[in-house]
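User: I would like to go through this model with you, one topic at a time. Please keep the answers plain.
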Amino acid sequence: MVKHQDHGKNYWTLPGGGVIESESLEQATIREVLEETHLDINVVKLLFEEPYEYGISYCFLATVKDSVEAELGHDPEEKDVPPQHRMLQEVGWHSLETMKHDRQVSKVMATLTL
């Protein structure tokens, strides 16, 4: 998960972002996870989609290709922003159980019937 700093709030969430023109949802997922965590992933399947204020959010199940540790990345749009002011502040692994109160994680758990 990645820790966001946004409008004075800090919260953990799943990596994600927008789709670039001519990019598939799966390609966008791979790119966004790589940008935010430096992890190279394989997309396994779509878990769910849901509407949100800017369109539709898609959540995919993925596996990590290599046994590389996650590292904090950044959004390309923020490359000139000092690190302490960027949205992405931290990266870390969290169990589903410890994050079950997060809206997205609870939907992942329900979809996977955990």
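User: Is Glu50 buried or exposed?
Analyst: Glu50 counts as buried, at 10% relative accessibility. Buried means under 20% relative accessible area, exposed over 50%, and partly exposed in between, with a 1.4 Å probe and protein chains only. This is a predicted model, in which local features need pLDDT of at least 70 and side-chain atom pairs count only at pLDDT 80 or more, while totals for chains, interfaces and linings use all residues. Residues are numbered from 1 along each chain as its sequence is written, and side-chain values use heavy atoms, with hydrogens and water left out.

User: Which side chain meets Glu50 in a salt bridge?
Analyst: The side chain of Arg103 does, at 2.4 Å from N to O. The pair links distant parts of the chain, as Arg103 is in helix α2 (residues 103–111) and Glu50 in strand β3, 53 residues apart. Arg103 is partly exposed, with a relative accessible area of 49%. A salt bridge here is a side-chain nitrogen of Lys or Arg within 4 Å of a carboxyl oxygen of Asp or Glu. Helices (H or I, at least four residues) and strands (E, at least two) are DSSP runs, numbered from the N terminus.

User: How many salt bridges does the structure hold?
Analyst: The structure holds eight. One of them joins Asp40 and Lys65, with 3.7 Å from N to O. Asp40 lies in the loop between α1 and β3 and Lys65 in the loop between β4 and β5, so this pair ties together parts that are 25 residues apart in sequence. Asp40 is partly exposed at a relative accessible area of 31%, and Lys65 is partly exposed at 44%.

User: And what is the salt-bridge partner of Arg31?
Analyst: Arg31 forms a salt bridge with Glu35, and the closest N and O atoms are 3.3 Å apart. Arg31 and Glu35 are four residues apart in helix α1, which means they are separated by about one helical turn. An α-helix has 3.6 residues a turn, so residues three or four places apart point the same way. Both Arg31 and Glu35 are buried.

User: Staying with α1, what is its span?
Analyst: The end C-alpha atoms of α1 (residues 25–37) are 18 Å apart. That agrees with the 18 Å that its 13 residues should span at 1.5 Å a residue; the expected span is 1.5 Å times one less than the number of residues.

User: What covers its buried residues?
Analyst: The cover of the buried residues of α1 includes β1 (2–6), β3 (41–52), β4 (55–64) and β5 (88–91). Among the buried residues of α1 are Ala28, Thr29, Val33 and Thr37.

User: Which residue takes a positive phi just after α1?
Analyst: His38 does, with a phi of about 60°, although His38 is not a glycine. His38 lies in the loop between α1 and β3 and counts as partly exposed at 41% relative accessibility.

User: Now Ser22: where is its place?
Analyst: Ser22 is in the loop between β2 and α1. Ser22 has a positive phi of about 70° although it is not a glycine. Ser22 is exposed, with a relative accessible area of 75%.

User: On to the strands. What order does the open sheet of three strands have?
Analyst: The order is β2-β1-β5, with antiparallel pairing. β2 (9–13) and β5 stand at the edges with a single partner strand each, so one side of each is left without a neighbour in the sheet. Neighbouring strands of this sheet are turned by 25° against each other on average, direction ignored. The axes are lines fitted to C-alpha atoms, for helices over the stretch in contact, and angles run from 0 to 180 degrees between N-to-C directions.

User: How many bridges join β1 to β5?
Analyst: Three bridges join β1 to β5, and His4 stands opposite Leu88 in β5. β1 and β2 pair over five bridges, with Val2 opposite Thr13 in β2. Two strands pair if DSSP finds at least two bridges between them. The hairpin of β1 and β2 has two residues between the strands, and His7 takes a positive phi near 50° in it.

User: Finally, which residues form the largest nonpolar core?
Analyst: That core has five residues: Met1, Trp12, Met99, Val105 and Met109. A nonpolar core is a set of buried Ala, Val, Leu, Ile, Met, Phe, Trp, Tyr and Cys residues joined through side-chain atoms within 4.5 Å.

User: What is Met99 in contact with?
Analyst: Leaving aside its neighbours within four places in sequence, Met99 is in contact (heavy atoms within 4.5 Å) with Met1, Trp12, His94 and Val105.
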